[in-house]
Amino acid sequence: MIETRNFRILRNVVLTVLCLWVAIPLYVVVSTSLKPLKDVAGLFQWIPREITASPYLDIWTTVPLAKYFQNSLIITVCATLCSVTVAVLAAYAIARLQFKGKRAFSLTVLSTQMFPGILFLLPLYLIFTQIRNLTGLQLQGSYLGLIITYMTFTLPFAIWMLSGYFASIPKELEEASMIDGTGRMGALIRVILPVAKPGIIAVAVYSFISAWGEVLFASVLTNEATKTLSLGLKAYASESDVFWNQLMAASVVVSLPVLIGFILVQKHLVAGLSAGAVK
């Protein structure tokens, strides 16, 4: 198709507007994080009169940000590893094995994505309470409880996408390995997983991002000892004042792990998402 001059102009205008729509809030966040508090209290200044790095130092003492960072890291990494492990096994079974109820299971997994997350909040809370009453195991306010919770809404998408990715891999690869004496699990580990690395990375990134910035479940299922970063940011706002420069600086710091991880695996992420979606 030949692009007309008017089409190119319209495309450039739309792309420029979209870029500004994304870039301006980011500029506001970064510039505010580099201003002293007295310069943030009034009207917003597009060009800071004074630039200081003190907000990035003060964020660690105003609130226990390091503790929140540690909690988020433990919960997110564990939830990601568990989600990827379970999703790989379940997706491989859907893609390669024939069993009774396979179609119903696949449709059930996919249909869970139609429901909003808040719908599962009360049932999970009641289940955790019942488990505590029956076994004494305290899941509410623990790392384990939040890890299990995050797995409930990352697993369906992970299973769905990986099953499509595994189905796109030729069966001859693992059949050749099994002829040489490797079992099905060995073929999965030695043959399928290396080939499916882009898809697995895409699922891991999705699981990590979903858990890292989650607020709803964390606000109900955590306590002061297990509070995550998404909740800890609210501590910069007190009844008498709001430390806007520190809040923006903490937001930048919180975003760095996701940003760095996305940059490192961007190539694999695009390949994994496109392959899983096409299938």
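A residue is called buried under 20% relative accessible area, exposed over 50%, and partly exposed in between. Phe69, with a relative accessible area of 22%, is therefore partly exposed. The model is predicted. The points below cover its nonpolar cores, its aromatic pairs and a surface patch.

**Nonpolar cores**
- The largest nonpolar core holds 40 residues, and those touching the most other members are Val88, Tyr150, Ile159, Leu162, Phe166 and Ile192.
- At least two residues of this core come from each of α4 (65–96), α6 (121–135), α7 (143–167), α9 (184–195), α10 (197–212) and α11 (216–221).
- Helix α7 contributes the most, with 12 residues.
- Leaving aside residues up to four places away in sequence, Tyr150 touches Ile75, Ala79, Ala211, Glu214, Phe217 and Ala218.
- A second, separate core has 15 residues, among them Val63, Trp212, Met248 and Val254.

**Aromatic pairs**
- The model has eight aromatic pairs.
- Phe69 and Trp212 form an edge-to-face pair, because their ring centres are 5.6 Å apart and their planes stand at 80 degrees.
- This pair joins distant parts of the chain, with Phe69 in helix α4 and Trp212 in helix α10, 143 residues apart.
- Trp212 is buried, as its relative accessible area is 5%.
- Phe157 and Tyr206 make a tilted pair, 4.3 Å centre to centre with 45 degrees between the planes.
- Phe157 lies in helix α7 and Tyr206 in helix α10, 49 residues apart.
- Tyr206 is partly exposed, at 26% relative accessibility.
- Phe69, Phe208 and Trp212 are linked into a cluster by ring pairs.

**Surface patch**
- Leu20, Ile24, Tyr27, Phe44, Trp46 and Ile47 form a nonpolar surface patch, together having about 620 Å² of accessible area.
- Ile24 belongs to helix α1 (residues 5–33) and is partly exposed at 38% relative accessibility.

Conventions. Residues are numbered from 1 along each chain as its sequence is written. This is a predicted model: local features need pLDDT of at least 70, side-chain atom pairs count only at pLDDT 80 or more; totals for chains, interfaces and linings use all residues. Side-chain values use heavy atoms; hydrogens and water are left out. A nonpolar core is a set of buried Ala, Val, Leu, Ile, Met, Phe, Trp, Tyr and Cys residues joined through side-chain atoms within 4.5 Å. Buried means under 20% relative accessible area, exposed over 50%, partly exposed in between (1.4 Å probe, protein chains only). Helices (H or I, at least four residues) and strands (E, at least two) are DSSP runs, numbered from the N terminus. Contact means heavy atoms within 4.5 Å. Patches are made of residues with over 30% relative accessible area and no salt bridge: like charges are joined within 9 Å, nonpolar side chains (Val, Leu, Ile, Met, Phe, Trp, Tyr) within 5 Å. Accessible areas come from the Shrake-Rupley method with a 1.4 Å probe; for residues, only the protein chains shown count as cover. A salt bridge is a side-chain nitrogen of Lys or Arg within 4 Å of a carboxyl oxygen of Asp or Glu. Rings of Phe, Tyr and Trp (its six-membered ring) pair if their centres lie within 6.5 Å; planes under 30 degrees apart count as stacked, over 60 as edge-to-face and the rest as tilted.
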